[in-house]
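This briefing concerns the structure displayed below.

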Amino acid sequence: MCGIVGYVGEKNCIPILINGLKRLEYRGYDSAGLGLIANGKSQVIKNKGKVSLLEEKVDKLNITATLGIGHTRWATHGAPNETNAHPHFNTSKNLFVIHNGIIENYQALREGLKKLGYKFITETDTEVLPHLIDSFLVKGHSLFRSVQLALGEVEGTYGIAVVYANEPNKVVAARKGSPLVLGIGENENFVASDVAAILAHTKQIVYIEDGEVIEIYKDHFIAKTILDKQVDKEIHEITMSLDEISKGGFPHFMLKEIMEQPESVCNSMRGRLLLEKGTSKLGGLESVVDQLVDTKRIIISACGTSWHAGLVGEYMFEQFARIPTEVEYASEFRYRNPIVGKDDTIFFISQSGETADTLAAMHEAKIRGALVLGICNVVGSSIARESIAGVYTHAGPEIGVASTKAFTSQLVVLALITLLIARRKDMSLVDGKTIVEELQKIPEKISTILKLNDQIEKIAEEFKDVKNFLYLGRGYNFPVALEGALKLKEISYIHAEGYPAAEMKHGPIALIDDNMPVVFIAPKDSTYEKIVSNIEEIKARNGRIIAIASENDDKIDSLVDYSIKIPDTIRMLMPLLTVIPLQLLAYHIAVKKGLNVDQPRNLAKSVTVE
Ligand code: F6R
């Protein structure tokens with residue numbers, strides 16, 4: 001989604017802003033722009049396409065500036081072209097604005113501003129902002145006050161940064177529903193939608209909250225609400241390092257993140273396993289654990305890959321914690337008057353912690369009195385801060401748009417929560433210990449599967465030109481089938497569907513012919529014989545089959561075209577292993593098709609608009 005970076009200080013900000021924008025590229029965007037105060041004058045440079053093009057354009061101008069803002073735009077209102085790229089000017093071109101989010105009442109504001117004589121040159125919702133702010137400036141208000149007053153009229157979501165040539169020593173930033181942080185430096189301050197953009201310069205972060213407006217100078221900042229109340233802000237030291245957000249020798253972030261999983265799942269369980277007691281210790285849930293154990297119902301709400309993790313969580317919670325569990329798309333949750341109240345516990349799962357749909361669902365659940373808990377990867381993210389309690393997944397920064405290591409870490413955390421509740425209910429010590437021991441073995445087993453990379457790459461070569469794919473699994477591996485299909489869709493643009501294997505005969509089997517490859521997730525568990533029957537059904541119709549199978553399964557080779565043999569574990573943890581070959585398969589198919597794996601078309605890493 002859109003990205004924001006801003007600088008006020010003594011250095012030439014152009015390389016700082018360009019590098020910041022490059023760090024935000026992973027979020028997905030289609031145009032980029034810079035707004036600067038150079039020689040006391042406002043200057044905006046922007047283009048459709050990559051930040052590298054913007055860099056070339058700015059280099060040719062041979063300018064320097066000590067204050068500026070930069071933006072990567074992911075189009076919502078208006079085509080992705082140079083005119084619609086941010087920053088946007090007011091009519092006198094002495095004020096410019098960058099914006100993440102959506103101004104929902106922009107049509108009404110636009111009409112009103114037109115009547116006042118303001119001329120619009122873009123199709124964006126954002127362009128109302130510079131004119132609206134201008135309409136208060138002309139009445140004699142300061143920039144800060146004008147921003148407050150303008151935002152008082154705006155409905156929707158925003159993270160904005162505003163610069164005004166007549167007050168050339170400050171950037172004004174504000175947030176409602178779109179992430180924004182302030183970075184504190186030595187005689188320089190920063191603003192960004194994502195810590196990654198400014199991490200090279202500072203680790204001192206102030207989280208800007210909804211409804212706050214911040215006036216940023218090079219050596220101090222002033223924080224107030226839109227209603228002009230003073231707010232005290234705390235400075236946080238973040239621990240993320242630059243190494244963690246670079247490719248580390250891998251051709252793509254996605255491959256790096258797939259390969260990191262032995263370590264990232266280890267980090268998700270580090271210090272949280274109590275082998276002797278056969279349970280887990282989750283500091284973030286300590287304050288609510290009694291409530292959690294007594295809860296009548298659990299709801300898990302999330303989007304995309306995190307929703308798939310939630311489905312695995314449902315199986316775990318119901319099987320072991322014996323609590324009825326439902327999984328909800330966050331995007332649907334608040335639009336259907338859900339029956340949710342104080343007896344319910346709702347886990348919101350989100351890698352970024354900023355997904356607008358998930359955040360909105362969380363606000364709705366809070367209003368209805370439910371116990372709202374977060375499972376997030378990004379420390380200090382909105383969902384993490386706004387949930388009553390929660391657990392960090394500690395997978396480390398995930399930059400590739402297709403989520404991989406965040407998923408496996410979410411599964412680990414869900415298993416830890418299951419243990420925590422189930423051991424306080426009726427799970428035996430022996431069973432608890434078995435789960436802990438199996439969890440401890442997962443990193444090594446993932447390492448074993450990652451060694452199959454070359455084999456999977458060869459299989460990818462064979463299937464890279466197909467148009468459709470089917471993924472089938474049963475029980476705990478049904479959500480993995482969904483996840484495998486999503487990975488393939490989003491980075492290779494091949495149509496893929498995930499189904500419970502037994503559902504195939506109720507419809508999808510009509511699709512099977514020799515052009516329809518089917519991936520079966522078929523480890524040797526209690527559903528194995530049934531899945532073998534499903535494989536036979538596909539084979540009888542000339543379908544081409546790839547099976548993810550147990551390493552000791554010799555029988556399967558005669559039934560399928562390709563088998564990828566992986567180690568076994570207990571059923572509830574199997575998705576941690578079965579998903580790995582599917583991530584690699586999607587990755588290699590996309591690479592072989594020559595596609596941009598880390599920034600697939602139309603996608604954004606963190607979906608901060610509804
Ligand atoms: C898929 C993917 C998305 C996200 C979804 C939720 O690879 O990355 O489907 O899982 O947008 O994002 P988070 O987890 O950040 O809330």
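In this predicted model, helix 4 (residues 128-137) is mostly covered, with 10 of its 10 residues buried. The cover over these buried residues includes strand 5 (88-89) and strand 6 (95-100), together with helix 3 (106-115), helix 5 (143-151) and strand 7 (158-164).

**Helix 4 and Leu129**

- The buried residues of helix 4 are Val128, Leu129, Pro130, His131, Leu132, Ile133, Asp134, Ser135, Phe136 and Leu137.
- Leu129, which is found in helix 4, counts as buried because its relative accessibility is 0%, and the cut-off for burial is under 20%.
- Setting aside residues up to four places away in sequence, Leu129 touches Val97, His99, Ile103, Leu151, Val154 and Ile160.
- Leu129 and Leu109 lie 20 residues apart along the chain, and a distance of 9.1 Å separates their C-alpha atoms.

- An open sheet is formed by 8 strands in the order 3-2-4-1-10-9-11-14, with antiparallel pairing.
- At the edges of this sheet are strand 3 (41-48) and strand 14 (236-237), each of which pairs on one side only.
- In general, the strands of a sheet pair through backbone hydrogen bonds, in either a parallel or an antiparallel manner.
- Strand 2 (residues 31-38) and strand 4 (residues 67-73) run antiparallel and are joined by 6 bridges.
- Gly35 has Ile69, in strand 4, as its bridge partner.

**The protein as a whole**

- The secondary structure of the protein amounts to 18 helices and 26 strands.
- The radius of gyration is 25 Å, close to the 25 Å that the globule rule gives for 610 residues, so the protein is as compact as a globular protein of that length.
- Taken along the principal axes, the C-alpha atoms fill a box of roughly 80 × 55 × 45 Å.
- Of the 610 residues, 62% count as buried.
- Where contacts join residues at least 6 apart in sequence, 71% of those contacts are between residues at least 24 apart.

Conventions:
Residues are numbered from 1 along each chain as its sequence is written. This is a predicted model: local features need pLDDT of at least 70, side-chain atom pairs count only at pLDDT 80 or more; totals for chains, interfaces and linings use all residues. Side-chain values use heavy atoms; hydrogens and water are left out. Buried means under 20% relative accessible area, exposed over 50%, partly exposed in between (1.4 Å probe, protein chains only). Helices (H or I, at least four residues) and strands (E, at least two) are DSSP runs, numbered from the N terminus. Contact means heavy atoms within 4.5 Å. Two strands pair if DSSP finds at least two bridges between them. The radius of gyration is taken over C-alpha atoms; the globule rule is 2.2 Å times the number of residues to the power 0.38.
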